[in-house]
Amino acid sequence: MLDAGCGIGVLGICAARALGSKPGLKVRAQDRDELARGFTEYNATRNGVPASVLSAHTEPLLAADPPWDLILSNIPAKTGEPVLLDFIARSAGLLSKEGSVMLVVVKPLSDLLRSRIRELKLPLFHEENGKEHTVLAYGGGVELNSVLNSDPQNSGDDFLKRRRVYFRCAGDFELEDIAYHIDAIHGVADFDTPSGVVQVAAKLVKRLALRPAAGPILVHEPDQGHFPAWLLRYRGAEPPGMPQSQTRTGPLVLSGRNILALEAARQNSLLALGDRVSGGKGASGIILAPAVDLFLDRERLSAAADQNREQPGGGYSFIALFPELVPQTNRLGAYWEGLAALLTDGGMAVIALPSSAAERFDREKPMGFTRLGDIKRQGFRALGYERR
């Protein structure tokens with residue numbers, strides 16, 4: 001059984017409990033969000049579902065080997081219409097001979113997806129209507145190969161080539177007199193403009209003339225990749241008389257919860273300045289590291305910095321943070337702990353937040369960090385620090 005887009009694991013865990021007597025029961029729970037994967041794993045343990053029955057994975061929707069006897073999904077409307085329509089055909093192609101899909105959708109989308117099921121001549125054998133949601137239960141009948149072959153660009157190693165349905169739009173942008181290009185995808189913020197935190201962070205980096213020294217760079221929560229794409233272009237605009245070797249760094253590590261955002265950021269970083277990314281072979285100079293935050297996943301992020309190094313343990317020369325603030329929680333202190341664990345001596349960090357949160361973050365600054373400067377703009381604030 002596949003729980004596609006598992007969130008905190010409710011559907012997969014309940015189904016595993018209900019079907020626990022079935023011999024050979026296996027449940028694969030998948031979500032694009034690393035935090036969702038962690039909560040699903042935790043909640044399965046709390047509810048007595050062993051890892052031998054339910055495994056949780058951070059991966060794109062329906063990215064799992066067929067065939068499946070049952071696919072469950074409470075798919076969010078914000079996924080995007082092309083992705084939703086693709087889900088119907090792709091899920092039907094992943095089923096075993098007697099398999100079925102049970103899809104929960106908000107009512108405004110039910111007509112669209114019901115029409116797609118009928119267009120593909122799939123058996124729609126049950127429909128359940130609630131106040132705000134509809135459950136559509138349908139069977140197979142579509143060959144997966146025909147779904148994949150319908151898109152001639154659905155091949156290769158590149159994420160957007162393999163899953164072209166995620167492509168949303170493309171655009172050229174400019175920050176602080178530096179131009180760059182973005183290929184935006186569904187399911188990730190900032191597809192039409194760089195966010196306020198990105199704009200203020202770029203302004204601070206330029207004002208302080210921060211140019212990362214030789215060593216790995218980390219950008220946490222890059223969304224579509226506006227900041228890393230801009231940073232690579234900015235770093236490539238070398239000051240007169242500065243040798244190129246002083247502006248080159250590697251690898252570039254992109255971390256965050258949403259693996260779709262990481263894929264978009266990698267694509268756009270390669271578009272920005274792929275030939276300047278050293279520290280790996282080709283695209284391997286850009287490393288993706290799914291991570292909830294710097295503190296919880298410091299070991300994974302440290303290992304990413306050490307890839308292709310002869311002597312591990314050096315840390316990052318530059319870290320840019322765009323934390324996602326979760327209501328009723330305060331993880332700002334954990335970000336300081338993460339910076340202390342990951343930043344090299346003499347390394348620099350830039351963090352961009354809403355102004356009120358930035359004030360709290362700065363008040364918690366521990367010993368060993370010196371503030372280099374800050375900028376406020378339209379309710380956002382960026383702060384720069386050096387570790388000494």
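Biologist: Where is Ala209 found?
Modeller: Ala209 sits in the loop between H7 and S10. Helices (H or I, at least four residues) and strands (E, at least two) are DSSP runs, numbered from the N terminus. One caution: this is a predicted model, so local features need pLDDT of at least 70 and side-chain atom pairs count only at pLDDT 80 or more, while totals for chains, interfaces and linings use all residues. Residues are numbered from 1 along each chain as its sequence is written, and side-chain values use heavy atoms, with hydrogens and water left out.

Biologist: What is phi of Ala209 near?
Modeller: Phi is near 55° for Ala209, a positive value in a residue other than glycine.

Biologist: And is Ala209 buried or exposed?
Modeller: Ala209 is exposed, with a relative accessible area of 53%. The cut-offs are under 20% relative accessible area for buried, over 50% for exposed and partly exposed in between, using a 1.4 Å probe and protein chains only.

Biologist: Which loop does Gln328 lie in?
Modeller: Gln328 is in the loop between strand S13 (316-321) and H11. Gln328 also has a positive phi, about 65°, although it is not a glycine. At 85% relative accessibility, Gln328 counts as exposed.

Biologist: While we're on backbones, which peptide bond is cis?
Modeller: The bond from Pro66 to Pro67 is cis, with omega near 0°. Pro67 has its place in the loop between strand S3 (54-58) and strand S4 (68-74).

Biologist: Let's go inside. Which residues touch the most other members of the largest nonpolar core?
Modeller: Those are Val205, Val219, Phe227, Trp230, Leu231, Phe318 and Phe322, out of 36 residues in the core. A nonpolar core here is a set of buried Ala, Val, Leu, Ile, Met, Phe, Trp, Tyr and Cys residues joined through side-chain atoms within 4.5 Å.

Biologist: Which helix gives the most to this core?
Modeller: Helix H7 (residues 196-207), with seven residues. Another core, of 32 residues, lies apart from it and includes Leu2, Tyr166, Ile185 and Ala261.

Biologist: What is Trp230 in contact with?
Modeller: Leaving aside neighbours within four places in sequence, Trp230 contacts Leu175, Glu176, Ile178, Tyr180, Ala202 and Val205. Contact means heavy atoms within 4.5 Å.

Biologist: Is His220 buried or exposed?
Modeller: His220 is buried, at a relative accessible area of 0%. His220 is found in strand S10 (residues 217-220). Residues up to four places away aside, His220 touches Ser255, Gly256, Ala291, Val292, Asp293, Leu294, Ala320, Leu321, Phe322 and Tyr335.

Biologist: Which residues of helix H12 are buried?
Modeller: In H12 (residues 355-363) they are Ala357, Ala358, Phe361 and Asp362. They cover an arc of only 135° around the axis, which puts them on the same side of H12. The arc is that of the directions from the helix axis to the C-beta atoms.

Biologist: What does the face turned away from the buried side of H12 carry?
Modeller: That face carries the exposed residues Ser356 and Arg363. The cover over the buried residues of H12 includes helix H11 (332-342), strand S14 (343-354), strand S15 (369-377) and strand S16 (380-387).

Biologist: Last one: how many helices and strands does the chain come to?
Modeller: The chain comes to twelve helices and 16 strands, and buried residues make up 51% of its 388 residues.
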